[in-house]
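The remarks are set out as numbered points.

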Amino acid sequence: MLSDVMEDYLKAIYVLQTEEGPPVSTSAIAERVGKTPPTVTSMLDTLEERGLVEREKYKGAELTDEGRTVALEVLRHHRLLEAYLAEHLDYSWSEVHDEADALEHHISEEFERRVAAALGDPAVDPHGDPIPGEDLQPPADDGSRPLTDFAVGDRVVIARVSDRDDEELEYLDRAGITPGTTVEIRDVAPFGMVTVGVPDGPDGDAEHEQSLPESVAAAVRVRQTDADDAAATDAGVGGA
């Protein structure tokens with residue numbers, strides 16, 4: 001039986017692996033879980049003894065197959081709970097993360113199945129993050145990249161938004177920068193501010209400009225629009 005804290009570490013390592021690739025450094029884990037590096041090192045010792053992580057000296061930690069399965073199960077619980085709270089209990093997307101964190105370790109597999117069925121087996125949570133399937137296989141790469149990777153004139157679709165900062169989520173919600181919204185990059189300032197054109201409504205006839213600090217823009221993951229993808233293909237860019 002794993003403790004809630006152990007499961008939190010495994011989930012954090014999994015998310016960091018998907019964002020940055022393995023192995024994951026102790027300092028990155030410490031920042032993610034809000035603990036000191038010595039505390040993280042002690043927990044990694046325990047997880048390694050239990051066969052849940054592997055470590056390479058001076059490089060970091062990586063989940064074993066067993067550790068990855070545990071992490072995916074916790075992540076599935078978390079993201080299904082976020083979706084249920086938002087859809088059925090009228091929580092805002094800035095409120096669901098902490099509630100899901102508190103509940104994710106304590107629901108049964110039957111409860112999980114019923115939540116998934118009530119939601120129609122959603123593919124993503126309210127922030128656009130992929131929900132692992134019941135088979136606990138890693139979700140496919142959605143092809144999204146940070147908004148800061150793109151240039152002025154690019155039109156992109158918001159795919160995912162980091163849920164780690166409630167104030168950032170509220171800010172983005174007020175600005176209309178939510179998953180599924182198409183925006184155009186209007187300006188990238190030398191000091192890092194990214195300005196985008198955001199539609200004011202579903203018809204997209206009117207737009208307003210919104211400037212995002214670089215740290216916020218980096219937490220917004222986007223994909224190029226289908227039109228841009230097609231243009232890149234016609235120009236011989238990308239593809240196998």
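Predicted model: local features only at pLDDT ≥ 70, side-chain atom pairs only at ≥ 80, totals over all residues.

1. The largest pocket. This pocket holds about 1300 Å³ of space. It is lined by 40 residues, and those closest to its centre are Val15, Glu19, Arg32, Ser162 and Arg164. Two or more lining residues come from each of α1 (4–20), α2 (26–33), α4 (65–88), α5 (96–103) and β4 (155–161). The greatest contribution is that of α1, with eleven residues.

2. By residue class, the lining of the largest pocket comprises 19 charged, 16 nonpolar and five polar residues. Glu19, Arg32 and Arg164, listed among the residues closest to the centre, belong to the charged class.

3. The second largest pocket. Here the space is about 230 Å³. Of the 14 lining residues, Met1, Glu7, Glu73, Val74 and His105 lie nearest the centre. Both α1 and α4 supply at least two residues of this lining, and α4 gives the most, namely four. The lining divides into five nonpolar, five charged and four polar residues.

4. The largest nonpolar core. Which residues have the most contacts inside the largest nonpolar core? They are Leu10, Ile13, Ile29, Leu44, Leu47 and Leu63, in a core of 26 residues. At least two residues of this core are supplied by each of α1, α2, α3 (37–49), β2 (60–63) and α4. The largest share is that of α1, with seven residues.

5. Leu63 and the second core. Leaving aside neighbours within four places in sequence, Leu63 is in contact with Leu10, Ile13, Tyr14, Gln17, Leu52, Val53, Arg68 and Ala71. Two of these partners, Leu10 and Ile13, are themselves listed with Leu63 among the residues with the most contacts inside the core. A second, separate core has 20 residues, including Trp93, Ala175, Leu212 and Val222.

6. The buried side of α5. Val96, His97 and Ala100 are buried in α5. Why do these residues lie on the same side of α5? They do so because they cover an arc of only 95° around the axis. In general, an α-helix has 3.6 residues a turn, so residues three or four places apart point the same way. The cover over the buried residues of α5 includes α4.

7. His97. This residue lies in helix α5. Is His97 buried or exposed? With a relative accessible area of 16%, His97 counts as buried, because the cut-off for burial is under 20%. Not counting residues up to four places away in sequence, His97 touches His78, Glu82 and Asp163.

8. Arg223. Strand β8 (residues 220–224) contains Arg223. The relative accessible area of Arg223 is 33%, so the residue is partly exposed. Arg223 and Val157 are 66 residues apart in sequence, yet their C-alpha atoms are 5.3 Å apart in space. Apart from residues up to four places away in sequence, Arg223 touches Asp142, Gly143, Ser144, Val156, Val157 and Ala159.

Methods:
Residues numbered from 1 in each chain as written. Heavy atoms only, no water. 1 Å grid on protein atoms, 1.4 Å probe; cavity = no way out; pocket = protein on both sides within 12 Å on 5 of 7 lines; lining within 4 Å. Points joined across faces, edges and corners; volume = space filled by probe spheres on them. Buried < 20%, exposed > 50% of the residue type's maximum accessible area, 1.4 Å probe, protein only. Arc of directions from axis to C-beta. Contact = heavy atoms within 4.5 Å. Core = buried A, V, L, I, M, F, W, Y, C linked by side-chain atoms within 4.5 Å.
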